[in-house]
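Trainee: Please take me through how to read a model like this one.

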Amino acid sequence: MTRRNQTIVSDFLLLGLPIEPEQQNPFYVLFLAMYLITVLGNLLIIFLICLDSHLHTPMYLFLSNLSFSDICFSSVTIPKLLQTMQSQDSSITFAGCLTQMYFFLFFADLESFLLVAMAYDRYVAICFPLHYTIIMSSKLCLSLVVLSWVLTMFHAMLHTLLMARLCFCADNIIPHFFCDMSALLKLACSDTRVNELVIFIMGGLVLVIPFLLIVMSYARIVSSILRVPSARGIRKAFSTCGSHLSMLSLFYGTVIGLYLCPSANNSAVKETVMAVMYTVVTPMLNPFIYSLRNRDMMGALGRLLFKKKISFSDCLLHPKGTFFTLAAFMIFFLCIL
């Protein structure tokens, strides 16, 4: 009788960022600028890779997918946040909330798997340079990319279906700027033990194991370079690996801290700040860390700007460029709507 008399929630209200009303406009401009940098920076990387034949290698295949994932990952949350800050309409339907949660998990997991593939590619290139083309064959690279997409699709679907079976009866206010999985579980009025168990188990498989594999790959890379008595090589290794590991620590550290090691002392403000770090800051910085500091990417950019052997229309006519461009803009407009 009690459950029958409860009102089932059909809409949620997103509280957004914990800021004062007079701070809305400055933060709106800040997040809009960060989003545009993320989209334009990653689109530039995709265009350069599809236009320049020198970049048609396994590393840049993974990188183009990572850039596409970063665009979509940001587009899942930031457009809704900007709309809420501008129109003060913070409502989102239950179906819309589940859809946002699905794509959020999908692209977050995809980024995790792609980072593992990129770390393995660098490990093979540096530690086994003579066997690189044999080990990193086209078949293996495509298999790694396809496997990443398939695994993330099923993982995101699993959590979404488990969330859809829960009942939300009383409180419909989400103290977050998107439909975060942990925030939704706190609002559920039915048993969430299965969801929490799956989060812990699958989180270990999707987050902890990839993070450890990446750290092991970079450790082997550093160890291999240190065997060569070259000050320039050592300096380059620590510069590259240090920047990469700092970004990986920012991404994995905040995600693992939020979902696998939650603390009762974590306030809503602290959780929101941590979420901003891996949903907004990391996708914005990835182009600078992985690509724009890269000599090959800068060389491709120079050929694009100065030699003018390639044009924007060439990329749009290229199958890969067309796919990534249309998909990115479709996701952008869907999130705005």
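Trainee: How much of residues 102-120 is helix and how much is strand?

Mentor: Helices are DSSP runs of H or I of at least four residues, strands are E runs of at least two, and both are numbered from the N terminus. Residues 102-120 are 100% helix and 0% strand, with end C-alpha atoms 27 Å apart. Residues 140-158 are likewise 100% helix and 0% strand, their end C-alpha atoms lying 27 Å apart. The unreviewed UniProt entry lists both spans among its "transmembrane region" features; such annotations may be inferred rather than shown by experiment.

The model is predicted: local features need pLDDT of at least 70, side-chain atom pairs pLDDT 80 or more, while totals for chains, interfaces and linings use all residues. Numbering starts from 1 along each chain, and side-chain values use heavy atoms, without hydrogens and water.

Trainee: At what angle do the axes of α2 and α3 cross?

Mentor: Two packed helices are described by the angle and the distance between their axes. Axes are lines fitted to C-alpha atoms over the stretch in contact, with angles from 0 to 180 degrees between N-to-C directions. Helix α2 (residues 24-51) and helix α3 (residues 58-87) cross at roughly 160°, their axes coming within 9 Å. Therefore α2 is roughly antiparallel to α3 (over 145 degrees).

Trainee: How many cavities are there?

Mentor: A cavity is a set of points on a 1 Å grid where a 1.4 Å probe fits but cannot get out; lining residues have an atom within 4 Å of a point. There are three cavities of 30 Å³ or more.

Notes: On a 1 Å grid over the protein atoms alone, a cavity is a set of points where a 1.4 Å probe fits but cannot get out, and a pocket is an open set with protein on both sides within 12 Å along at least five of seven lines; lining residues have an atom within 4 Å of a point. Grid points are joined across faces, edges and corners, and a volume is the space filled by probe spheres set on the points. Angles under 35 degrees count as roughly parallel, over 145 as roughly antiparallel, 65 to 115 as roughly perpendicular and the rest as oblique.
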